[in-house]
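This briefing walks through a protein model by topic, from strand pairing to cores, domains and backbone geometry. Please keep the sequence and the structure open while reading.

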Amino acid sequence: MNKNQLQSDFLPAENSDKERDSFKAKIVRQKLRTDGSDYILNQNRYRSTIYEEAFRKSIENPEEFWAEIGQCIEWSRPWDRVLDNSNEPFTKWYVGGETNACYNAVDRHVAAGLGSKTALIHDSPMTETVRRVSYAELLDRTSRLAGALAELGVSRGDRVLIYMPLIPETIVAILATARLGAVHSVVFGGFAAKELATRIDHAEPKVIVAASCGLEPGKVVKYTDMLNDAMNLISVAAPHCVVYQRRHIWEAPLLESQLDWDDLLEHAEPHPCVPVEANQPLYILYTSGTTDKPKGIQRPIGGHIATLCWTMNAIYGMDKNSVWWVASDLGWVVGLSYICYGPLLYGATSVMYEGKPDRTPDAGQYFRIIDEHKVNALFTVPTAFRVLRRADPETHLGRKYSTKSLRTIFVAGEHCDYEAKAWAEKVFKVPILNHWWQTETGHAITATCLGLGHTTSPPKYSTGMPFPGYYVEVLREDGSKAEPHELGRIAVRLPLPPGTMSTLYHAPGRFKEIYFSKYPGYYDTMDAGYIDEYGYVFVTARDDDVINVAGHRLSTSALEDVVLGHPEVVDAAVVGVPEHTKGEIPLCLYVMRDHSRKSEQEINTELIARVRELIGPIAAFKVAASVKALPRTRSGKTCRKSIADLARSKHVQIPSTIDDPTVYRDIKQVLQKLGFARMAPDPQ
């Protein structure tokens, strides 16, 4: 990493047009001289005629383009119109067409003679078990659970809330709901009673399907205890509750009103697939914590399953015989899209790993999974690499396994720093490809599209090029279009492509206000970044994470890259804090390497010098401190906003998704030593 590679994140915000143009031209020249794969003079290196033709057609002739993509799945009734954009942003795709997600994910593969093929591999080092579920077995269990749910009154359009861990039965519950044309809402297993009750009240499910328990390193999480507490808090009519007993771990005492999964399936009759119109909801996924107004992303069925099926090859380069592993949870959008629907719609094999990168039982597990199950592609978060690098930097545990089957690793969900990426590429011996998407979109907005001819060596720090259907632009605050390399707000010109959210459940007004009011005619991603001269997109930070230092907009992710380049630092977070002369300055909290040979004071001094050298005095970087750990969600994201709020002495409600809430105690003490958070109440 060098100064030239970082400068484009720090374009002057309030300089004359002449100064800005001169600065940008200088940066472009510097980038073109940079060694390595970042930028080269020969633009043809990044060109793909297959991609260019697909993207052009998706924008200029979307109806013809998406009609072709719609053929990736089977329809029980053909659509009347491909696109109806008469009520933007409530765009409809494949209008009048009828299909069923479960049929396309399971039944059609069995009908094609692939029933014996492995659909799911569940690997749980915490229970020391490996289970393989074929497509035929998945069809049998799914159709019978659908029959049981139908007996409980579930029909097309009803909601079913699913509160389960990462086990095959969760996918059975998801697909059984979809089989009936009902709407599933998966709640991350382990959410506390209050959060669960909020979602029950909002979705008003006819049935809740839960597991008796989940697992965390060293403990059993009793889901039914939290479910029972939630049922005492809800204000809606109590739904039926079906409980899958993980008897080999913990069998829950069932209440009189609760039904045993095994008993229901034993007597249930298989239920056929119910056709559903393409724009009816497939699921609701809540993206916020407990608030008065839950934000439930509503996903339409037709465009979503057609697009997901296509992306398995178009983005990820998978074939029908591929073994595909997404290290996530079914309570997050990545899990729904690419543990459940994407690979099953495509007819591949999906790995479900119930464990952590390092603690179940050690840092060799990612390597073991790849070797044992002959994984061809892995999709994970960059935090996993930081965890592995910290626990086993020389991969003493990992090197005893073979990763020869692996072709690519994809990352998303947060910024991927250069140090973690370079380490992972070295130890896994495959390209690490960053791509960018959101819960709202359901699949990638920008990506390196392997199936469309993209090189596996895109510019460093890039998240790829816009995926077909996404006309991505970077806008200034006034809505004008930014120049190449100019940092701004990333927005997508309407209409959004098939498969993205159709609305917010029970909140169409909020849907328009949150996502489409700031820039009329655009979807506001609320992320900051820039686009280079070749069309590659660089997502630098959530727009809230851009720090304004004396009029200069600085990306926290670029600052973190510099910090993480220090050999004694294994994790870091940068947030903005108030400063009376500059408005804001960066504050860095970092985690030191175990058994570091340097003191915190030495590291602080070197970090300040490093930022000054690689970015310049413009960053005003002078406040850094070591902490024991950073607050991260179970999906791997760093909760920077809670750190920034704590530093400002604001009340901090600890998100229920935080993996280890106790880290806030240490962070508050460190912030107070630095002169911040003096009036802050304890995070709760």
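V474 stands opposite I490, a residue of strand β25, and the two strands concerned, β24 and β25 (residues 488–493), run antiparallel and are joined by five bridges. The model is a predicted one, in which local features need pLDDT of at least 70 and side-chain atom pairs count only at pLDDT 80 or more, while totals for chains, interfaces and linings use all residues. Residues are numbered from 1 along each chain as its sequence is written, and side-chain values use heavy atoms, with hydrogens and water left out.

**Strands and sheets**

- Strands here are DSSP runs of E with at least two residues, helices are runs of H or I with at least four residues, and both are numbered from the N terminus; two strands are said to pair if DSSP finds at least two bridges between them.
- Strand β24 (residues 471–475) is mostly covered, since four of its five residues are buried, where buried means under 20% relative accessible area, exposed means over 50%, and partly exposed lies in between (1.4 Å probe, protein chains only).
- An open sheet is formed by three strands in the order β21-β22-β23, with antiparallel pairing; its edge strands, β21 (436–437) and β23 (465–466), each pair on one side only.
- Within that sheet, strand β22 (residues 444–447) pairs with β23 in the antiparallel sense over two bridges, and A447 stands opposite M465 of β23.
- Strand β16 (residues 323–326) has V323 and W325 pointing one way and W324 and V326 pointing the other way, and all of these are buried.
- β16 and strand β17 (residues 349–353) run parallel and are joined by three bridges; the bridge partner of V323 in β17 is T349.
- As background, strands of a sheet pair through backbone hydrogen bonds, in either the parallel or the antiparallel sense.

**Nonpolar cores**

- The largest nonpolar core has 140 residues, and those with the most contacts inside it are Y94, L175, W261, W324, Y341 and F379; such a core is a set of buried Ala, Val, Leu, Ile, Met, Phe, Trp, Tyr and Cys residues joined through side-chain atoms within 4.5 Å.
- Helix α12 (residues 333–346) gives the most to this core, with ten residues.
- L175 touches C102, A105, V106, L138, T142, C340, Y341 and L344, not counting residues up to four places away in sequence, where contact means heavy atoms within 4.5 Å.
- A second, separate core of 49 residues includes V569, I615, A647 and V670.

**Domains and annotation**

- The protein is divided into domain 1 (51–355 + 437–531) and domain 2 (550–674), with bounds that come from an automatic or database domain assignment.
- The centres of domain 1 and domain 2, taken over C-alpha atoms, are separated by 34 Å, and the contact takes eight residues from domain 1 and seven residues from domain 2.
- About 720 Å² is buried between domain 1 and domain 2, with carbon and sulfur atoms giving 62% of that area; buried area is the accessible area (1.4 Å probe) that two parts lose on being put together, summed over both.
- In an unreviewed UniProt entry, the annotation "domain: Acetyl-coenzyme A synthetase N-terminal" covers residues 51–105; UniProt positions are given in the numbering used here, feature names are shortened, and annotations may be inferred rather than shown by experiment.
- The span 51–105 is 42% helix and 18% strand, and its end C-alpha atoms lie 27 Å apart.

**Backbone geometry and loops**

- Most residues other than glycine have a negative phi, and most peptide bonds are trans.
- The peptide bond from E88 to P89 is cis, with omega near 10°, and P89 sits in the loop between β1 and β2 (92–95).
- A cis peptide bond also leads from L494 to P495, with omega near 5°, and P495 lies in the loop between β25 and β26 (503–504).
- Y461, in the loop between β22 and β23, has a positive phi of about 75° although it is not a glycine; Y461 counts as buried because its relative accessibility is 16%.
- H595, in the loop between β32 (583–592) and α18 (600–614), has a positive phi near 60° and is likewise not a glycine; H595 counts as exposed because its relative accessible area is 80%.
- Q71 lies in the loop between α4 (62–69) and β1 (81–84) and is exposed because its relative accessible area is 55%; Q71 and A306 are 235 residues apart in sequence and 7.6 Å apart in space, C-alpha to C-alpha.
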